[in-house]
Amino acid sequence: MHPTGDQKAPSTGETRVNGTGEARPYGSMRAAVHTSTYERPTARMVEALQGVSAATACAKLHQMGITRTFIDGPVPLHREPDVKITGGAVTLQFLPQREDVFNGAEQEDIERKTPLWGVLESIEPGDVLVVSAHGSHFTGCLGDMLVRYFKLRGGAGIVVDGRVRDAARIRALGVPVWCTGVTPHYASQTELFPSAFNVPVGVGGSLVTPGDLIVADEDGAVVVPQHKAVPLAEDSLLHQDREAFARRRLDEGGRLSDYYPLTGDGLTEYLASRPAAT
């Protein structure tokens with residue numbers, strides 16, 4: 001868990017020497033700070049949202065009073081019309097570097113002992129890795145080797161409010177990734193370092209807690225709380241069915257005002273077109 005009050009994060013007891021020859025402790029930054037337990041979504045929750053689009057999920061959550069669910073910034077690295085993932089969130093938090101605490105010059109020795117490695121070791125099949133990187137244009141939060149390991153552990157996809165590197169190799173791996181762009185930098189080469197995993201994070205203006213569901217497609221990524229997943233899915237599938245009906249009528253020459261939004265006579269026509277309940 002996060003240390004609070006007078007509590008201290010676990011320490012390795014090791015020190016590092018900075019450029020002036022002064023020794024300083026690195027224990028708190030080397031410890032894999034994380035929430036030890038949280039509940040992953042059930043298979044029923046994930047399956048219920050498989051047919052729900054990000055746009056519909058976002059709209060329905062808004063109607064339910066949860067208005068900040070869109071992860072602003074990340075877009076698909078693979079620009080394909082059928083790109084979509086649904087799964088439970090595991091989280092990784094980056095924080096700004098500070099020279100007396102952590103700096104990129106020591107990356108080779110330290111980074112593998114930070115939450116960047118810790119979160120990847122925690123991945124289970126179907127997980128969605130959500131990375132808080134403050135919209136950085138310079139930090140390459142993940143690259144080929146890390147995404148490759150994520151895939152081998154069965155991860156479903158990755159959402160980063162920042163950059164990735166090795167874009168061509170990541171595309172070749174076929175792992176769906178949502179990010180704000182690409183960079184040649186490695187994870188701690190510039191202004192950020194990995195600080196904690198599976199803790200609540202702010203990503204693209206939205207709160208993501210471990211175990212939340214993520215629905216992401218070409219429109220972007222949306223956060224769905226577990227307790228809203230099944231009712232949202234049931235309402236969303238009906239909503240999408242209504243829109244499919246309206247789309248067909250418009251393609252057949254119907255007037256926009258008669259079929260979108262679907263109310264009045266258009267709604268009556270839709271209801272009459274549905275198979276009778278048995």
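1. Starting with the open space: the largest pocket comes out at about 190 Å³. Keep in mind that this is a predicted model.

2. What lines the largest pocket? The residues are Lys60, Asp235, Leu238, His239, Arg242, Glu243, Ala246, Tyr259, Tyr260, Pro261 and Leu262. Helix α8 supplies the largest share of that lining, with six residues. If you're setting up charges, note that the lining splits into six nonpolar, one polar and four charged residues.

3. α8 (residues 229–251) packs with α3 (residues 54–63) at an angle of about 120°, and their axes are 10 Å apart. That angle makes α3 oblique to α8. The crossing of α3 past α8 is right-handed.

4. On the α3 side of this contact sit Thr56, Ala57, Lys60, Leu61 and Gln63, and they meet Leu232, Asp235, Ser236, His239 and Gln240 of α8. By class, the residues of this contact are three nonpolar, five polar and two charged.

5. Now another helix pair. α5 (residues 115–122) and α6 (residues 144–152) pack at about 25°, with axes 9 Å apart. Roughly parallel is the label here, because the angle is under 35 degrees.

6. Which residues of α5 meet α6? They are Leu116, Trp117, Leu120 and Glu121, and their partners in α6 are Leu146, Tyr149 and Phe150. The class count for the α5–α6 contact is six nonpolar, no polar and one charged.

Key: Residues are numbered from 1 along each chain as its sequence is written. This is a predicted model: local features need pLDDT of at least 70, side-chain atom pairs count only at pLDDT 80 or more; totals for chains, interfaces and linings use all residues. Side-chain values use heavy atoms; hydrogens and water are left out. Axes are lines fitted to C-alpha atoms, for helices over the stretch in contact, and angles run from 0 to 180 degrees between N-to-C directions. Helices (H or I, at least four residues) and strands (E, at least two) are DSSP runs, numbered from the N terminus. Angles under 35 degrees count as roughly parallel, over 145 as roughly antiparallel, 65 to 115 as roughly perpendicular and the rest as oblique. A crossing is left-handed if the near helix is turned anticlockwise from the far one by less than a right angle, and right-handed if clockwise. Contact means heavy atoms within 4.5 Å. Ala, Val, Leu, Ile, Met, Phe, Trp, Tyr, Cys and Pro count as nonpolar, Asp, Glu, Lys and Arg as charged, and the others, Gly among them, as polar. On a 1 Å grid over the protein atoms alone, a cavity is a set of points where a 1.4 Å probe fits but cannot get out, and a pocket is an open set with protein on both sides within 12 Å along at least five of seven lines; lining residues have an atom within 4 Å of a point. Grid points are joined across faces, edges and corners, and a volume is the space filled by probe spheres set on the points.
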